[in-house]
Amino acid sequence: MDRKELLGTLKRIVIKVGTSTLTKEDGNLNIDKINKLVREISLLSNNGYEVVLVTSGAVGAGMGRLKMSERPKTLTEKQAVAAVGQVALTHLYQNLFSGYNKIIAQFLLTKADFSDRNRYLNARNVSLNLLKKGIIPVVNENDAVVADEIKVGDNDTLSALVAGLIDADLLIILSDIEGLYNKNPQKYDDAKLIKLVGKIDEDVKKMAGMEGSKFGTGGMYTKIIAAEMATKIGTNLVIASGSEPENINKIVNYEMVGTLFVKSNKRIKSKKYWLAYGTNKNGNIYIDSGAEKAIMSGNSLLPVGVKKVEGKFEKGTVVQIMNSKGNVMAKGISNYSSDEINIIRGYKSDEIENVLGYKYDDNVIHIDNLTIL
């Protein structure tokens, strides 16, 4: 099966570029490379594609401007360097894109923008409106203010979240490597590039055990996780070398560049994708084996199957569901607070009102508001 048959018709594309693609060895921005990247994206836009650019490089650009040879280690230092670098990076993008008569919009996001449903929907609506107008959103994590608890962590994951946010047809991740190899090509001369991945399993994840560059945060493993995320929402993903920005249009024109991860035939709904990947956990609900089997069979979580509640949370909060072995198996929106669940756990649904004095729902978490991880 060729690439055209696998990718199908493409309209909406997310392109993620890493720090190693955007900067030189010393951390300074590689202006020539970035200009080529902008040209390729502008060409896509001219040809009628809707394009979102997810860019790294703020910290790397700040390092270059501040003449730093080592990546900052503390959060505060990283934030300061990012604040310097983001200005330079955005200014450069604006100047270069304007040279191709393109307007850009800056989006600086944190995990909180994905976790909060209203903010998530607002970001989606604004993004789609920009794309409709032919404007190119330029997305980065807001490194200058982000804290650990609201941090996406790496732009590979961010790009997959953005792909789900806008229902992208294709996510292209440009890296300092040509794609996924069966072993680390930096260590083994006989390493072979894998052109197609139909299913992401543990063997695929083991192949991705490579470290990131000194200026970036992600390695191949984060890209595989991004591929796992994107393919579940119905987005194909290609990992390719960013050393040749021309690879962007080659991929869109169905040439055999990089590694293609094929989208899942069973696309999960956007709300369940948001639940699985966009939200933070605010508590844990431990269930018994009977409830575990019921959920895996497509049923809601009933109070009778709840064994224990961990953490304090209110009604309407996204929580993790822990299986009978104590492992995370799902995420969902709770119909009851932690205190209320502690009171009704172990009881049947028709007993909730007698035990609690009132009843919101028969289910602790309805199947429509639950996604299995």
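These legends describe close-up views of a predicted model. Residues are numbered from 1 along each chain as its sequence is written, and side-chain values use heavy atoms, with hydrogens and water left out. Local features need pLDDT of at least 70, and side-chain atom pairs count only at pLDDT 80 or more, while totals for chains, interfaces and linings use all residues.

**View 1. Eight strands form an open sheet.**
The strand order is S3-S4-S2-S1-S5-S7-S8-S6, with mixed pairing. Strands (E, at least two residues) and helices (H or I, at least four) are DSSP runs, numbered from the N terminus. Two strands pair if DSSP finds at least two bridges between them. Strand S3 (104-109) and strand S6 (196-197) are the edge strands, and each pairs on one side only. Strand S1 (residues 12-17) and strand S5 (residues 170-175) pair in the parallel sense over five bridges. Val 17 has Leu 174 in S5 as its bridge partner.

Contact means heavy atoms within 4.5 Å. Axes are lines fitted to C-alpha atoms, for helices over the stretch in contact, and angles run from 0 to 180 degrees between N-to-C directions.

**View 2. Helix H4 crosses helix H5.**
The axes of H4 (residues 58-65) and H5 come within 6 Å and cross at roughly 90 degrees. That makes H4 roughly perpendicular to H5. Angles of 65 to 115 degrees count as roughly perpendicular, under 35 as roughly parallel, over 145 as roughly antiparallel, and the rest as oblique. On the H4 side, the contact residues include Ala 58, Val 59 and Met 63. On the H5 side, they include Lys 78, Val 81 and Leu 89. The contact of H4 with H5 divides into nine nonpolar, three polar and two charged residues. Here Ala, Val, Leu, Ile, Met, Phe, Trp, Tyr, Cys and Pro count as nonpolar, Asp, Glu, Lys and Arg as charged, and the others, Gly among them, as polar.

**View 3. Helix H7 packs against helix H8.**
H7 (residues 117-132) and H8 pack at an angle of about 75 degrees, with their axes 9 Å apart. H7 is therefore roughly perpendicular to H8. Tyr 120, Ala 123, Arg 124, Ser 127, Leu 128 and Leu 131 of H7 make the contact with Gly 164, Leu 165 and Ile 166 of H8. By class, this contact has six nonpolar, two polar and one charged residues.

**View 4. Helices H8 and H12 pack together.**
H8 (residues 155-166) and H12 (residues 270-278) have axes 10 Å apart, at an angle of about 160 degrees. The two helices are therefore roughly antiparallel to each other. Ala 160, Leu 161 and Gly 164 in H8 meet Tyr 273, Tyr 277 and Gly 278 in H12. The contact of H8 with H12 has four nonpolar, two polar and no charged residues.

**View 5. Five strands form an open sheet with mixed pairing.**
The order is S10-S9-S11-S12-S13. The edge strands are S10 (306-310) and S13 (370-372). On average, neighbouring strands are turned by 25 degrees against each other, direction ignored. Strand S9 (residues 284-287) and strand S11 (residues 318-322) pair in the parallel sense over three bridges. Met 322 in S11 is the bridge partner of Tyr 286. H12 packs on this sheet, touching S11, strand S12 (328-333) and S13. H13 lies across S9, S11, S12 and S13, running at about 105 degrees to S9.
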